[in-house]
Amino acid sequence: MDAPAAFTDAAVYQQSFDPREYLKEFYSLSDGQGQPNTFLMQNLRSPFKMFSLDGISGLGEAQPDRAVGRFCPGAPSPSSPGRSSPHAAPGGLRGDTLIDVGCGPTIYQLLSACERFREVIASDYADQNHRELEKWLKNEAGAFDWRPVVKYVCELEGDREKWAEKEEKLRKKVRQVLKCDVTKANPVDPASLPPADCVLSTLCLEAACKDPATFRSALRNVGALVKL
């Protein structure tokens, strides 16, 4: 039997994580042989269904580490016990404020959400991810080219040619990029945020938590960011 993989702690991410290599490896729509990136396409279709169609009830099977509405880990139906999602009505999730917890250097998870929320607050642990994200938000030279991904989402939404409009909309709606640590009772400490209408977390919590107890604690911490 293979030995379990070693847990990569936060200090390693802060010191060694390379956002540009990460983006090049995982966020192209096709690989070097021209094969479609089905993982990315699924991760674009899921937010489209959540935010543009019929909310979390339209997702079918639960998605890994995706928290929506009034913080529902995975993607259960609105009738699941615990904190429910009042915004998961026909027409998709919507509201005033969305907080993205553990956004990394990416924007793909916000492309459909930006149509449904007045403002977006992005957060991540690693400073280099902040810099990479800010580069795109400020439309600086050398920023990662998200245009193929944006066009794909626009095509899902019905008009591929609106990609430039969507980029501009998202840039305007991301109001803050904050430091985030999900192991803290207030993950965005020292910032203090009013409760949000929706908290989104993709591909983050399982990387930040070394065991089930830490994961459960992180869920509570992140859940405290959303309106009751």
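This is a predicted model: local features need pLDDT of at least 70, side-chain atom pairs count only at pLDDT 80 or more; totals for chains, interfaces and linings use all residues.
**Entry 1: getting my bearings**

I looked up the overall make-up of the protein chain and found eight helices and four strands. Reading from the N terminus, I noted the order α-α-α-β-β-α-α-α-β-β-α-α. Of the 228 residues, 44% count as buried. I also checked how far along the chain the contacts reach: among those between residues at least 6 apart in sequence, 67% join residues at least 24 apart.

**Entry 2: back to Pro 47**

Is Pro 47 buried or exposed? I found that Pro 47 is buried, because its relative accessible area is 2%, and buried means under 20%. Next I looked for its partners, leaving aside neighbours within four places in sequence, and listed Ser 52, Gln 109 and Ser 112 as contacts. I looked at Gln 109 again: it is 62 residues from Pro 47 along the chain, yet their C-alpha atoms are separated by 6.4 Å.

**Entry 3: α3 against α5**

Staying with α3, I followed this helix, residues 38-52, to where it meets α5, residues 147-157.

Which residues of α3 and α5 meet? From α3 I wrote down Leu 40, Met 41, Leu 44, Arg 45, Phe 48 and Ser 52. On the α5 side I have Val 149, Tyr 152, Val 153, Leu 156 and Glu 157. Sorted by type, the residues of this contact are eight nonpolar, one polar and two charged.

**Entry 4: the sheet**

In what order do the four strands stand in the sheet? I traced an open sheet in the order β3-β2-β1-β4, with parallel pairing. β3 (174-179) and β4 (198-200) are at the edges with a single partner strand each, so one side of each has no neighbour in the sheet. From one strand to the next, the twist averages 20°.

I then turned to β1, residues 95-101. How many bridges join β1 to β2? I counted six, and these strands run parallel. Three bridges join β1 to β4, again with the strands running parallel. Ile 99 is bridged to Val 199 in β4. I also checked how covered β1 is, and six of its seven residues are buried.

**Entry 5: a helix on the sheet**

My last stop was helix α6, residues 163-173, which packs on the sheet and touches β2 (117-124) and β3. The direction of α6 makes about 55° with that of β3.

Which residues of α6 are buried? My list reads Lys 166, Glu 167, Leu 170, Arg 171 and Lys 173. I looked for what covers these buried residues, and the cover includes β2, α4 (127-137), α5 and β3.

Key. Residues are numbered from 1 along each chain as its sequence is written. Side-chain values use heavy atoms; hydrogens and water are left out. Axes are lines fitted to C-alpha atoms, for helices over the stretch in contact, and angles run from 0 to 180 degrees between N-to-C directions. Helices (H or I, at least four residues) and strands (E, at least two) are DSSP runs, numbered from the N terminus. Contact means heavy atoms within 4.5 Å. Ala, Val, Leu, Ile, Met, Phe, Trp, Tyr, Cys and Pro count as nonpolar, Asp, Glu, Lys and Arg as charged, and the others, Gly among them, as polar. Two strands pair if DSSP finds at least two bridges between them. Buried means under 20% relative accessible area, exposed over 50%, partly exposed in between (1.4 Å probe, protein chains only).
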